[in-house]
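The following note sets out, point by point, what can be read from this model about its sheets, helices, pockets and cavities.

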Amino acid sequence: MRVAILDDYQSVALRSADWDAVGADAGVVAFRTHLDDRGALAERLAAFDVVVAMRERTRFDAALFARLPALQLLVTTGMGNTAIDMAAARDHGITVCGTGGLTSPTAELTWGLILALVRNIPAEHAATRAGAWQTSIGSDLRGKTLGVLGLGRLGSHVARVGIAFEMRVVAWSANLTPARAAEVGVELAPSLRALLAAADVASIHLVLSERTRGLIGAPELTLLGPQGYLVNTSRGPIVDEGALVEALRTRAIAGAGLDVFDREPLPAEHPLRGLDNVVLTPHLGYVTRESYAVFYGEAVEDICAFRDGTPLRVLNA
């Protein structure tokens with residue numbers, strides 16, 4: 001059995017789990033470089049029986065499956081992956097399995113981005129290293145309003161930290177109930193527009209779907225206003241990226257903290273890289289030692305169970 005691990009950017013996958021458990025006959029190869037070219041990707045993976053994919057970085061569709069005759073098992077980190085055509089995998093006789101994950105790393109990074117924005121930490125860091133001193137004025141969070149879009153496990157974690165900062169916290173999603181908002185201790189916004197109009201900081205924690213794709217566009221950013229900040233650690237396409245670039249460029253909003261993008265890795269020439277009111281991180285939400293231990297440890301479990309004929313965490317049954 002040959003196993004391919006994709007997008008091991010930091011070269012840590014092989015030491016994040018006990019890959020020897022897969023079997024003495026298994027050849028496990030970790031690829032550090034990401035391939036956008038579909039032909040090159042198919043050529044790279046053609047001989048592998050198992051592929052371990054990191055989140056939604058790589059699109060697996062019917063056309064790619066048709067070019068991977070050896071593939072039997074596709075493991076994705078996490079228990080959902082919109083980049084995988086589950087039905088097409090099933091049609092090609094490929095089992096797709098997932099892994100568990102942690103919410104705390106992404107919630108913590110969310111607050112890192114918020115604090116970096118409102119206190120100008122990246123700019124002040126660069127200025128201090130260059131010999132300057134106190135070049136900007138930040139803002140308090142206490143007494144301000146945090147708008148949380150999505151109050152699941154991750155959004156609730158972010159909301160509770162907002163409460164600890166003594167912020168007013170309001171939340172909204174299409175299916176959010178008053179009971180759930182009360183359980184977390186936050187206010188229920190009557191609509192997305194109402195949340196954005198009230199928020200000093202709006203943080204996105206929604207699942208990407210056809211309903212949420214492009215949810216935040218130019219009209220919504222206008223509601224956030226020139227003193228408002230947008231933070232997205234969920235999925236890039238929830239926000240209209242072109243509208244966001246324009247809103248940042250014209251100062252229609254104060255700034256944005258972004259960990260996710262329409263295209264990842266973010267192209268070198270992307271306009272977001274040239275704006276001074278945005279803090280960018282390269283999809284680091286889940287990138288911690290503890291998170292990788294869960295991802296890769298359970299990927300090994302999935303492979304072993306598949307070899308034993310009792311697959312775990314099957315997503316395309």
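1. Helices (H or I, at least four residues) and strands (E, at least two) are DSSP runs numbered from the N terminus, and two strands pair if DSSP finds at least two bridges between them.

2. On provenance, this is a predicted model, in which local features need pLDDT of at least 70 and side-chain atom pairs count only at pLDDT 80 or more, while totals for chains, interfaces and linings use all residues. Residues are numbered from 1 along each chain as its sequence is written, and side-chain values use heavy atoms, with hydrogens and water left out.

3. Within the sheet of point 1, strand β1 (residues 2-5) runs parallel to β2 and is joined to it by 4 bridges, Arg2 having Gly27 as its bridge partner in β2. Contact here means heavy atoms within 4.5 Å; axes are lines fitted to C-alpha atoms, for helices over the stretch in contact, and angles run from 0 to 180 degrees between N-to-C directions.

4. Another open sheet has 7 strands, ordered β8-β7-β6-β9-β10-β11-β12, with parallel pairing. Its edge strands are β8 (187-188) and β12 (278-280), each of which pairs on one side only. Strand β11 (residues 255-258) pairs with β12 in the parallel sense over 3 bridges, and Leu258 stands opposite Leu280 in β12. Helix α10 (residues 241-249) lies across β10 (229-232), β11 and β12, at about 135° to β11.

5. Arg251, in the loop between α10 and β11, has a phi near 65°, a positive value in a residue other than glycine. Glu264 and Pro265 are joined by a cis peptide bond with omega of about -5°, and Pro265 is found in the loop between β11 and β12.

6. Which residues lie closest to the centre of the largest pocket? The largest pocket has a volume of about 880 Å³, and of the 31 residues that line it, Arg55, Arg153, Leu154, Val207 and Arg235 are the closest to its centre. Helices α6 (153-164) and α11 (289-307) each supply at least two residues of this lining, with α6 giving the most, 3 residues. By class the lining of the largest pocket has 9 nonpolar, 17 polar and 5 charged residues, where Ala, Val, Leu, Ile, Met, Phe, Trp, Tyr, Cys and Pro count as nonpolar, Asp, Glu, Lys and Arg as charged, and the others, Gly among them, as polar.

7. The second largest pocket holds about 530 Å³ of space. Of the 23 residues that line it, the closest to its centre are Glu56, Arg57, Thr58, Ala83 and Asp262, and the lining comprises 7 nonpolar, 5 polar and 11 charged residues. On a 1 Å grid over the protein atoms alone, a pocket is an open set of points with protein on both sides within 12 Å along at least five of seven lines, a cavity is a set where a 1.4 Å probe fits but cannot get out, and lining residues have an atom within 4 Å of a point. Grid points are joined across faces, edges and corners, and a volume is the space filled by probe spheres set on the points.

8. The whole structure contains 2 cavities of 30 Å³ or more. The largest cavity, of about 50 Å³, has among its lining residues Leu258, Val260, Phe261 and Leu272, and by class this lining has 6 nonpolar, 2 polar and 1 charged residues. The second largest cavity has a volume of about 40 Å³, and its lining includes His34, Leu35, Arg44 and Thr58.

9. Finally, the structure holds 6 aromatic pairs, a pair being rings of Phe, Tyr and Trp (its six-membered ring) with centres within 6.5 Å, counted as stacked with planes under 30 degrees apart, edge-to-face over 60 and tilted for the rest. Trp111 and Phe165 form a stacked pair, 5.1 Å centre to centre and with 25° between the planes. This pair links distant parts of the chain, with Trp111 in helix α4 (residues 104-118) and Phe165 in the loop between α6 and β7 (168-172), 54 residues apart.
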